[in-house]
Amino acid sequence: MAKGNDTTAMDIDDQNSAASNQISNPKFSINVLQLLNSAQMQHGLRFGDYARYRRYCTARLRRLYKSLKFTHGRGKYTKRAITASTVSEVRFLHIVLYTAERAWSHAMEKKTLPDGPNARQRSYLIGRLRKAVKWASHFQDLCAFKGDSRTSLEAEAYASYMKGSLLFEKDENWDVALKCFKSARAVYEELGKYGDLENQVLCRERVEELEPSIRYCLHKIGESNLQTSELLHVGEMEGPALDLFRAKLEAVMAEARSQQAASMNEFHWLGHRFPISNAKTRVSILKAQELEKDVNGPTADSVPAEKKLAIFDKIFAAYNEARSCIRNDLVNTGNSESMKDDLSGLDKAIGAILGERTIERNQLLVHLAKSKLSKVRDDKTEKVTKPEELVRLYDLLLQNTADLSDLVSSGRDRKPEEVAFGEQCELKSLVFRAERCFYLAKSYSLAGKRPEAYALYCKARSLVENAVKKLQSSTHADKFAINELTTLYNECRSNICIEHATGIMEEEKAPENLSNQISNISLTGNNKKLGKLLMEKLDDYESAVGDPTTKSIPRIEAFPPAFQAVPRNPIVRDLAYDLIEFPSLENKMKKEKKGLIGRLWG
């Protein structure tokens, strides 16, 4: 019995000591990834505004210092370190975390400058990243002692990511950076298996954001077969963790283009060879040609249309940059006629390529509009294409084709390639004119104008016949365009029959409709029964605005309001005034006094 009592007493002592340790050393819990993601998305990083996020971190730290009464003296700064014994609340851990975030956001603000950081700014950037690594490591140490197991794991992943980012920016110790990124990825992969759904999604997104940095480190070490040109597809995701990688990738691609441009001495276009002496012009042209592979290459069919439009914008920017360099060289050429001719020819060639890409982009817009034209609208907010929009797009295509044809035929000594290119532009204009006429007829048909629609469909059919004959007789017949025109010809024939039949039916029903309208004429106005006004049915839960899909007038209150009879003061007329004889008042009137002369001459 005594032994059993001793054992029970020892168990009670152990429980009491564990409870006292838990009270003296409490464990705090912070969902680090969720906290930082919420702060970043709400305060600037949704739009890449690192300056705004840095200001938020500074204000947040100021509020934390004041609420904890952990200020650093008045007037004179007195440093107060945060140690494990200092951490009595979870807000002390927030101070360390937001200090690391402030340093990191300051570094990223310098990194994302429009022209890139210069040498001095880059040195300052690396210094801020070092400070971010220092505070992230301190946060990891404090969480290991004061945080629970999950918080400690997240702090370790956060510190590993900061260390990897510093080495990534310094271009050194790629193996250590790879180890840091892999460590962070492993932690987030494990954390993504547990917790609520929001936390799992955030962890998976962080794993996807870390993947490009890991692949780039492997590429630098030499353990990856990834080519430099293929790295562009790695950094297509969005997220704050990828901004350092994207900036590094742009620098690498610019360096690769510069090396490739050193071997590019001529530009070939329609049988012409134009020398390129300016390095910036070569780099811009190479950048545009690399982007064109995504639009016209073998994998172009797998690229979505919205992404193609964004690529076209980048192509236009690159070619316009090349044209600006060419025109600057033209200004600074001097009196050398041969160099002026070469630069003018190169400028003409780049302008023609820009015209071709503009036509391709507008054709892509036409394809998107056609897909929405015959689409059944499931969502009320989804916009459906009208035939008038397609008519406007074909007007743009006709204008682009005419401009391109004029540009190519503007030279004096035209080569066979230029002549053939001009013929292709004429064939394209015939196709565009036929399709424009077809959709113009469709717009008239929807408006109920049967004679105009019938005439335009007949005109479109004749234009299609002419275009098909020209395409079949050309040396390089486009079978895809011929098939499309054949389909368009059949549609024109069917619509001609439909418009003819509909017009006859409407003409037959016209007298009947007219008699019905005359019989419904009323001298008292419209006999249509209107619903109650809102003020008359306040007790009923019924909308007075009506169906949003219809164009009915809201029945809220009658306006203008109807006339109402109002009481007024009676009209009083004095009928006895003319019959009353009033007494004479002459004796009471004041008489005028006259002088001596007035008395004599009255």
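So, which residues lie nearest the centre of the second largest pocket? They're Gln363, Lys428, Asp478, Phe480 and Ala481, out of 37 residues in the lining. Quick caveats: this is a predicted model, where local features need pLDDT of at least 70, side-chain atom pairs count only at pLDDT 80 or more, and totals for chains, interfaces and linings use all residues. Numbering runs from 1 along each chain as its sequence is written, and side-chain values use heavy atoms, with hydrogens and water left out.

By pocket I mean an open set of points on a 1 Å grid over the protein atoms alone, where a 1.4 Å probe fits, with protein on both sides within 12 Å along at least five of seven lines; lining residues have an atom within 4 Å of a point. Its volume, the space filled by probe spheres set on the points, is about 1,200 Å³. Helix α14 gives the most to the lining, ten residues; helices here are DSSP runs (H or I, at least four residues), numbered from the N terminus.

Okay, salt bridges: a side-chain nitrogen of Lys or Arg within 4 Å of a carboxyl oxygen of Asp or Glu. The whole structure has 18. Asp347 pairs with Arg323 at 3.2 Å, N to O. Arg323 sits in α11 and Asp347 in α12, so this pair ties together parts 24 residues apart in sequence. Asp347 also meets Arg327, at 3.4 Å.

Instead, the Arg282 side chain reaches the backbone oxygen of Ile276 at 2.9 Å.

Methods. Helix = DSSP H or I, 4+ residues; strand = E, 2+ residues; numbered from the N terminus. Polar contact = N/O pair within 3.5 Å; in protein donor to acceptor, adjacent residues only side chain to side chain.
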